[in-house]
Amino acid sequence: MSAAPLPTAELHLHLEGTLEPSTILEFAERNQVRLPYRDVDELAARYEFADLSSFLDLYYANMATLRTAQDFADMTDAYLTRAAAGGVVHAEVFVDPQAHTARGIALEEVLAGVGSALAAAPSVHGISTGLIPCVLRDHSASDAMAMLEGVLRSDVQVLGIGLDSAEVGHPPSKFTEVFDRAGAEGLHRVAHAGEEGPPSYVWEALDLLGAERIDHGVRSLEDDELVARLVRQRTPLTVCPLSNVRLRVIDDLARHPLPEMMRRGLVVTVNSDDPAYFGGYLDDNMTALHAACGIDDSGAEQLARNSIEASFLDDARKRVLLARIDAAVTS
Ligand code: ADE
Ligand code: ZN
């Protein structure tokens, strides 16, 4: 595969999942937060996950180190720096506001910090950006609505609303009203579905939440009718291969269904999910897919094109970025 990563949009990235172990310890020290680990090695030793919920326990615990708008800005800027080096030219990123407000951090502190780093990204990193706050599906619908109302009152511009956290037992149908309200306010709607949860959750995300993209969606392959619908509608799936292996959704990267998903005509994109926890950023996912699944130059080009087309950018910016892919593959 070509050495330089292709210009790509990252569409499935949790900002809090970019907190590297060294940054967690640095923020803990600067904010006087006590952690149950003494050093990076002790923390990194915990990065062995049995499933999604065992990961989420550590992911939420480490958020205790994020206290100020500056912390959120620094975390976001560090991600953008690394993403730019890996070929990312556009990023639509997730944040989990309820995980912060639940521990006493003001919503404005979160949004102001993340928002300032994202606003500076075009000039500082050459990356266009959008912010997608996510509903924590293992909290109540009324909590989710309160978060949405707070986001709508904020001066910080958001692109859409998402749905994440522990999937099984928390179907999309729980949040129909919240997503209706977000849609009425002109927000884009996306949802994690079919990661650990069944294909019926993907149907619900499409039919009840108006989801325009499905985050993960790998279990859609268990339902031929669903695959046909996703192909017909060209609904993008934001797939995260290294995440799937680390959370044991897929037992081995060599058996990841991504090549089959592409063959069946699904609009698949590759993303990093929580790169600090799962062994790499978007370019690392591409390198691993090449080695384990034989994704070659033409597969990589298709995935890069899909990522731009699946983004919520306007057509003019999409054309500019697609032309950059053309230039990269012909050079
Ligand atoms: N929050 C952060 N990463 C997640 C994932 N992979 N699935 C659901 N919620 C998440
Ligand atoms: Zn995710």
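Predicted model: local features only at pLDDT ≥ 70, side-chain atom pairs only at ≥ 80, totals over all residues.
**Entry 1: the second largest pocket**

I then asked how many residues line the second largest pocket. The lining has 14 residues. Thr-129, Gly-130, Leu-131, Gln-157 and Leu-159 are the ones nearest the centre of the pocket. I noted a volume of about 270 Å³ for the second largest pocket. By residue type, I found eight nonpolar, five polar and one charged in its lining.

**Entry 2: the zinc ion**

Next I turned to the metal. Which residues coordinate the zinc ion (ligand 2)? I found His-12, His-14 and His-192, each through NE2, and Asp-273 through OD. The distances run from 2.0 to 2.2 Å. Along the chain, I wrote the spacing of the donors as H-x1-H-x177-H-x80-D.

His-14 is in the loop between β1 (8-10) and α1 (21-30), and Asp-273 is in the loop between β8 (268-270) and α13 (275-278), so the pair ties together parts that are 259 residues apart in sequence. Are His-14 and Asp-273 buried or exposed? I have both down as buried.

Then I looked at the angles. The four donor atoms around the zinc ion (ligand 2) subtend 84 to 174°, which makes the arrangement irregular. For a tetrahedral label, all angles would have to lie between 85 and 135 degrees.

**Entry 3: more on Asp-273**

Asp-273 has a positive phi of about 65°, although it is not a glycine. Its relative accessible area is 3%, so I count Asp-273 as buried. The cut-off for buried is under 20%.

**Entry 4: Gln-32**

I found a positive phi at Gln-32 too, near 55°, and this residue is other than glycine. Where does Gln-32 lie? I placed Gln-32 in the loop between α1 and α2 (40-44). Is Gln-32 buried or exposed? Its relative accessibility is 69%, so Gln-32 counts as exposed.

**Entry 5: the cavities**

I counted two cavities of 30 Å³ or more. The largest cavity holds about 100 Å³ of space. It is lined by 15 residues, and those nearest its centre are His-14, Leu-52, Leu-56, His-192 and Asp-274. Which helix gives the largest share of the lining of the largest cavity? I found helix α3 (residues 52-62), with five residues. The lining of the largest cavity divides into six nonpolar, four polar and five charged residues.

The second largest cavity has a volume of about 30 Å³. I listed its lining as Glu-10, Tyr-79, Arg-82, Ala-83, Gly-86, Val-88, Tyr-281, Leu-282 and Asp-283. The largest share, three residues, comes from α4. I sorted the lining of the second largest cavity into five nonpolar, one polar and three charged residues.

**Entry 6: aromatic rings**

How many aromatic pairs does the structure hold? I noted nine. One of them I followed up. The ring centres of Phe-55 and Tyr-59 are 5.1 Å apart and the planes are at 40°, so I call the pair tilted. The tilted class runs between the stacked limit of 30 degrees and the edge-to-face limit of 60.

Phe-55 and Tyr-59 are four residues apart in helix α3, which means about one helical turn separates them. I found Phe-55 buried, and Tyr-59 as well. Phe-55 and Tyr-59 also belong to one aromatic cluster, together with Tyr-47, Phe-49, Tyr-60, Tyr-277 and Phe-278.

At 9% relative accessibility, Ala-276 counts as buried. From Ala-276 to Ile-127 I noted 149 residues along the chain and 20 Å between C-alpha atoms.

Then I checked Ala-193, which is in strand β5 (residues 188-193). Ala-193 has 0% relative accessibility, so this residue counts as buried. Ala-193 and Ala-327 are 134 residues apart in sequence, and their C-alpha atoms are 35 Å apart in space.

Notes:
Residues numbered from 1 in each chain as written. Chains lettered and ligands numbered in written order. Heavy atoms only, no water. Donors = N, O, S within 2.8 Å, 3.2 Å for Na, K, Ca; no water. Tetrahedral: all angles 85-135°; square planar, octahedral: opposite > 155°, others 65-115°. Helix = DSSP H or I, 4+ residues; strand = E, 2+ residues; numbered from the N terminus. Buried < 20%, exposed > 50% of the residue type's maximum accessible area, 1.4 Å probe, protein only. 1 Å grid on protein atoms, 1.4 Å probe; cavity = no way out; pocket = protein on both sides within 12 Å on 5 of 7 lines; lining within 4 Å. Points joined across faces, edges and corners; volume = space filled by probe spheres on them. Nonpolar A, V, L, I, M, F, W, Y, C, P; charged D, E, K, R; others polar. Phe/Tyr/Trp six-rings, centres within 6.5 Å; stacked < 30°, edge-to-face > 60°.
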